[in-house]
Amino acid sequence: MIIMAKKKGIIKGDKRERELSWSGKLYFPEILKGMWFSFKHIFRPTVTVQYPEEKIELGPEFRGRPVLVAEEGMERCVACGLCARACPPLAISMQAAEVDDPKERYPERFEIDMLRCIYCGFCEEVCPEEAIVMSPDYDFNFRSREEAVFGKDKLVFDKEQLKPRLDWLAKKRNPNFGKVYKFDHTNNIHTLRNRSELKQLKDQN
Ligand code: SF4
Ligand code: SF4
């Protein structure tokens, strides 16, 4: 039976309490051990990055701030609201409007509250248009709550700028896509993701 006696905030008699050896009670050998450990690191290669003067290149798997993908000067987003629905901290809000385009709708207003965003990537996962992706950008700041709400001026990027992430998603998301059955690419052309191909098909017919 563990006898617990609380005295001056110390729990005595708890079996979880570590028993110090004789040398441990002296402290001095432990201090020397610590200093020796630090000394050895002087001769090892430096891995510390002097941020913010130095920055590291991050791979496409890194989940930085979410951004919107633009295709031919227009965002792919159709303002379906799925990302806003899936976002755990309710960081996304948008207002849809209609357009004269096969996509029919676009987000007139699209905002992400970066004080709320937890970089979970759920928005990217649920988006049916591959219109919102996690960018490599981790270096941004704001001085007020209002500034932390990023609108389309800060969110929209051309797909070429986001190519590493889009390519990585295409490879990792569904590696069996089109491989396990007789795949006809033209049957799987997406109205938004493959606009240029869609135009070509229309011209041919
Ligand atoms: S990354 Fe997560 S928290 Fe951030 S906007 Fe997307 S769903 Fe919301
Ligand atoms: S980013 Fe994707 S999921 Fe979110 S509203 Fe636009 S199309 Fe829908």
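## Close-up views of a predicted model

Among contacts in the protein between residues at least 6 apart in sequence, 70% join residues at least 24 apart, where two residues are in contact if their C-beta atoms, placed from the backbone, lie within 7 Å. This is a predicted model, in which local features need pLDDT of at least 70 and side-chain atom pairs count only at pLDDT 80 or more, while totals for chains, interfaces and linings use all residues. Residues are numbered from 1 along each chain as its sequence is written, and chains are lettered from A and ligands numbered from 1 in the order in which they are written.

**View 1. The protein has seven helices and nine strands.** Helices (H or I, at least four residues) and strands (E, at least two) are DSSP runs, numbered from the N terminus. Buried residues make up 16% of the 205 residues; a residue is buried if 20 or more other C-beta atoms lie within 10 Å of its own, exposed if 12 or fewer, and partly exposed in between, with C-beta atoms placed from the backbone.

**View 2. Helix 2 covers residues 28-41 and is hardly covered itself.** The count of buried residues among its 14 residues is zero. At 1.5 Å a residue, helix 2 should span 20 Å, and its end C-alpha atoms are 21 Å apart, which agrees; the expected span is 1.5 Å times one less than the number of residues.

**View 3. The largest nonpolar core has 22 residues.** Such a core is a set of buried Ala, Val, Leu, Ile, Met, Phe, Trp, Tyr and Cys residues joined through C-beta atoms within 7 Å. Leu68, Cys77 and Ile132 touch the most other members of this core. Strand 3 (66-71), strand 6 (105-113) and strand 7 each supply at least two of the core residues, and the largest share, four residues, comes from strand 3. Leaving aside its neighbours within four places in sequence, Ile132 is in contact with Pro66, Leu68, Cys77, Cys83, Cys123, Glu124 and Cys127.

**View 4. Ligand 2 is surrounded by 13 residues.** The closest of them are Cys77, Cys80, Leu82, Cys83 and Cys127, a residue being near a molecule if its C-beta atom, placed from the backbone, lies within 6 Å of it. By class, the shell has 11 nonpolar, one polar and one charged residues.

View 5. Two strands pair if DSSP finds at least two bridges between them, and two bridges join strand 6 to strand 8. Asp113 stands opposite Val149 in strand 8.

**View 6. Ala79 and Tyr119 each have a positive phi.** Most residues other than glycine have a negative phi, and most peptide bonds are trans. Phi of Ala79 is near 55°; Ala79 is found in the loop between strand 4 (74-75) and helix 3 (82-86) and counts as buried because it has 22 C-beta neighbours inside 10 Å. Tyr119 has a phi of about 55° and is found in the loop between strand 6 and helix 4 (122-126), where, with 13 C-beta neighbours inside 10 Å, Tyr119 counts as partly exposed.

**View 7. A cis peptide bond joins Tyr51 and Pro52.** Omega of this bond is about 10°, and Pro52 is found in the loop between helix 2 and strand 3.

Note on methods
Nonpolar A, V, L, I, M, F, W, Y, C, P; charged D, E, K, R; others polar.
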